[in-house]
Amino acid sequence: MNQFITAVLTSLSTGAIYALMSIALVLVWRSTRVINFAQAGQAIFTTYIGYEVTIRSGSYWVGLISAILSGALLGAGIDRFFMRPIFKRVTSGPIVMIAPVVATLALLGIIQAIIGFIWGLNYQTIQAPVSTDGLKIFGSIIAFSPFNLMVLIAVTLSMILLTIVFQKTNIGLALRASAYAPEVSKLSGIRVDAVRTLGWALAGAAGGLAGMLYIPGSYLYPNAMDVLLVFGFIAAVIGGLDSLFGAVAGAMILGFAVNFSATYISYKLVFPTAFVILILVLLIKPSGVFSGKKGRKD
Amino acid sequence: MSLIVTNLTVDYGAIRAVNNVSFEVLSGQLTTIIGANGAGKTTLLRTLSGLKESENGVATWNGDAILGKKPEDLARSGIMHVSDGKSVIAELTVKENLALTGLWRKDKKDVANATTEVVDLFPILGERMTQSAGSLSGGERQMLAIGRALVARPKLLLLDEPSLGLAPLIVEQIFKVISNLVKQMKITVVLVEQNAMGALKIANEGVVLNLGSVVAIDSAETLLNDPAVRAAYLGF
């Protein structure tokens with residue numbers, strides 16, 4: 001019984017972290033039609049900033065806010081000063097499809113190299129603000145800590161916030177319109193380029209949050225978020241790449257599948273499970289499990 | 001107030017889609033641009049609304065050069081382009097579609113008034129406010145697209161084939177609405193159409209394009225009675 005409860009809780013908290021990365025990828029994909037591999041670099045870079053601020057201020061919370069804000073700033077900056085010029089210059093030939101993606105890969109390498117120069121390649125730790133020791137249930141200790149609970153709450157709150165922004169505000173309407181139909185949005189007077197930069201900023205903030213929630217339970221090093229990028233990407237594909245709801249649902253499906261196969265069969269199955277799910281989705285429903293209907297065609 | 005296009009040339013890939021085109025649209029008038037498929041009508045309109053770059057030529061609206069400006073800036077200055085097909089955003093509701101052109105407007109009270117006027121003009125949209133635009137029929141989508149442009153209180157409306165794919169009865173209704181926009185709301189309209197007969201009937205002036213070049217400019221009435229135009233574009 002304890003094993004089952006632990007597996008459920010762990011699935012939820014790892015799924016929550018996948019969801020943040022998945023949402024970051026979807027936000028950029030929706031607005032820019034690029035899979036942003038640099039997301040892993042952006043997230044870890046801003047987590048290093050969070051780490052630095054946490055040490056200097058002595059407060060994890062100040063570090064967390066710094067990571068989120070610098071994540072937003074870095075994301076916006078990358079779109080404005082890196083992606084936008086690339087889209088402007090590369091306008092024809094087969095390279096159009098490849099250039100932006102390759103550019104994000106290059107950026108990933110560059111960011112990680114910069115981290116190495118500033119902070120070195122050694123493993124660091126970020127002290128969690130609450131205990132990372134397992135909770136006691138029915139007299140025995142399970143592998144779910146108060147910090148895991150905090151992760152779950154933090155991610156749930158940010159999802160609610162994001163939903164309100166997207167569904168209830170003018171900015172959210174502009175974000176959705178620009179993602180679905182950039183040309184019609186421009187003709188309606190919406191500054192689609194600026195809205196896209198905002199999408200990158202939101203994605204960057206989600207990455208910074210993901211890092212500050214993931215690293216305290218792991219270690220801080222330049223490649224620490226790479227694996228989360230992969231899981232976030234698989235979750236996004238399960239969800240259909242275009243849908244924020246799909247990204248979260250895909251992340252939860254992945255979290256449960258990975259944790260349950262690890263708990264009940266073998267921990268060696270974590271990666272195979274994730275990749276088998278990816279292949280299955282691509283073979284059976286490549287548009288994603290949660291891709292909606294498109295409306296009438298007449 | 002008028003739209004003046006002078007020696008406009010636009011390439012579409014390797015093809016010269018618009019070749020040295022000049023015409024003038026007087027304020028408060030409806031000018032239709034007719035011609036066969038591939039005549040360059042849509043490219044011309046996309047250039048005027050900033051979606052496409054031109055190779056050569058000048059276009060001014062009220063004396064201000066418009067070529068090379070961004071589509072969103074032109075839209076905000078009162079030049080609204082309703083692009084072809086059903087240029088509504090299927091994933092958004094009718095209400096959200098209508099709200100897009102009001103997002104950036106300062107006068108929120110007038111946005112509300114303009115939206116009410118649009119619903120009065122197309123009551124069916126009022127009934128469908130919370131439905132997704134993707135669930136609308138072709139005619140309803142066209143009404144929504146025009147309605148969305150009207151919420152911005154445009155001074156110059158560029159309409160690209162609003163009759164495309166619609167049933168004859170709906171086409172008649174849409175053309176009537178367009179005619180009223182000019183007569184009652186004093187909006188200047190450039191109407192690109194393949195339905196030359198219907199368009200010329202409500203237009204003041206007509207521009208006939210063939211393979212990117214102007215072959216005739218005259219009053220709509222004269223063009224309707226011109227044997228050559230009748231034979232080539234009206235089918236009798």
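Two strands are said to pair if DSSP finds at least two bridges between them. Strands here are DSSP runs (E, at least two residues), as helices are (H or I, at least four), numbered from the N terminus.

Good morning. The model is predicted: local features need pLDDT of at least 70, side-chain atom pairs count only at pLDDT 80 or more, and totals for chains, interfaces and linings use all residues. Residues are numbered from 1 along each chain as its sequence is written, and chains are lettered from A and ligands numbered from 1 in the order in which they are written.

I begin with chain B. Its open sheet of 4 strands runs in the order β2-β1-β4-β5, with antiparallel pairing. At the edges stand β2 (15-26) and β5 (64-65), each pairing on one side only. Between β4 (residues 56-61) and β5 of chain B there are 2 bridges, in the antiparallel sense; Asp64(B) in β5(B) is the bridge partner of Trp61(B). Helix α1 (residues 41-48) of chain B packs on this sheet and touches β1 (2-12), β2 and β4. Contact requires C-beta atoms, placed from the backbone, within 7 Å.

I turn to chain A. The axes of helices α9 (residues 226-238) and α11 (residues 270-284) come within 10 Å and cross at roughly 30°. Axes are lines fitted to C-alpha atoms, for helices over the stretch in contact, with angles from 0 to 180 degrees between N-to-C directions. The two helices are therefore roughly parallel, a label for angles under 35 degrees. From α9(A), Phe231(A), Ile234(A), Val237(A) and Ile238(A) meet Ala274(A), Ile277(A), Leu278(A) and Val281(A) of α11(A).

Terms used. Parallel < 35°, antiparallel > 145°, perpendicular 65-115°, else oblique. Contact = placed C-beta atoms within 7 Å.
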